[in-house]
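This report describes one structure, section by section, beginning with the terms on which the description rests. Please keep the sequence and the model in view while reading.

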Amino acid sequence: MLHTSSPPIFYSFASGAELVKGLAEFILEAQKEALGKKGRFTVALSGGSLPKQLAGLIGNAGVKWDKWHVYYADERVVPLDHEDSNHKLCTDVLFSKVNIPKENIHPIDTTLLEDLEDLSDSYEKQLIDEFASKDSARFPVFDLILLGLGPDGHTASLFPGHELLAEADRWVAYLDDSPKPPLKRITLTYPVINHASRVAFVATGESKQDVLAEIMDDPARTSLPASRVRPTSHGNLYWFVDDAASAKVKYEKSLFKL
Ligand SMILES: O=C(O)[C@H](O)[C@@H](O)[C@H](O)[C@H](O)COP(=O)(O)O
């Protein structure tokens, strides 16, 4: 199929504080568009440093937390109070500081930690409950998916060379051989990520320089997992990075304005 998505929009910020502010404004714009269309805002979050980059939403009166429906782009298969849990991380740095109804946050079902297939099926079922009755599309259409970038080019729990990169059917998949601990994880698949209305990567720091330059400047040759995030024609891809991460990138930087 001919791929007709728009080119990625690449924002590089001089400081972490500017990035946090710009990202919050961008998220508010995505929220506004989603609420205007359907009165709810569906978001998938990642772990790593990403939840901290959402600090600009805390205390921000524009955020309609009661309209947010939050899922995880990937999750480690651990109890929700475990140090490795992305849900715990997001709760500690964000949800505990804002007025989001608990039922609007969708963690994994920890009664199923021993059976990865049941666990990922049950997460997929949560997505079906959220999306299937509203969208006739084959895949859910998140309003916004926020992703991190590993120094190895992984994103969500889609790792270089892993068989899950070829998953074309399932919405949620599991792995028990993650190259980065912990071994057991579930992840949204490419078809889901690429059907979102907006996908935004957030990447900061020097350790991302080489991988970011490869993804942005050599898209035809790279096969890194993050480079395979290419929203379909109705979606857009954004990069929010700092100047330390983008130092080697030649791709055109957009001026941040909404
Ligand atoms: O599940 C994981 O092992 C991490 O959460 C990982 O996927 C992380 O999100 C990226 O490596 C980006 O990390 P930083 O945002 O901290 O650079």
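## Terms and basis

Helices (H or I, at least four residues) and strands (E, at least two) are DSSP runs, numbered from the N terminus. The model is a predicted one, in which local features need pLDDT of at least 70 and side-chain atom pairs count only at pLDDT 80 or more, while totals for chains, interfaces and linings use all residues. Residues are numbered from 1 along each chain as its sequence is written.

## The segment before β1

S5 lies in the segment that precedes β1 (9-13). With 14 C-beta neighbours inside 10 Å, S5 counts as partly exposed, a class that falls between buried (20 or more other C-beta atoms within 10 Å of the residue's own) and exposed (12 or fewer), with C-beta atoms placed from the backbone.

Although S5 and P231 are 226 residues apart in sequence, their C-alpha atoms are 6.3 Å apart in space. Leaving aside neighbours within four places in sequence, S5 is in contact (C-beta atoms, placed from the backbone, within 7 Å) with R230, P231, T232, S233 and G235.

## The nonpolar core

A nonpolar core is a set of buried Ala, Val, Leu, Ile, Met, Phe, Trp, Tyr and Cys residues joined through C-beta atoms within 7 Å. The largest such core has 72 residues, of which A44, I145 and F240 touch the most other members. Helix α1 (residues 16-38) gives the most to this core, with six residues.

Apart from its neighbours within four places in sequence, I145 is in contact with A44, A73, I193, A196 and V199.

## An antiparallel sheet

Three strands form an open sheet in the order β4-β7-β6, with antiparallel pairing, where two strands pair if DSSP finds at least two bridges between them. The edge strands, each pairing on one side only, are β4 (74-76) and β6 (172-175). β6 and strand β7 (residues 185-188) pair in the antiparallel sense over four bridges, and V172 stands opposite L188 in β7.

The heading refers to two places in the backbone. In the loop between β6 and β7, where P182 is placed, the peptide bond from P181 to P182 is cis, with omega near -5°.

A156, in the loop between β5 (144-147) and β6, has a positive phi of about 45° although A156 is not a glycine. With 29 C-beta neighbours inside 10 Å, A156 counts as buried.

Note on methods:
Contact = placed C-beta atoms within 7 Å.
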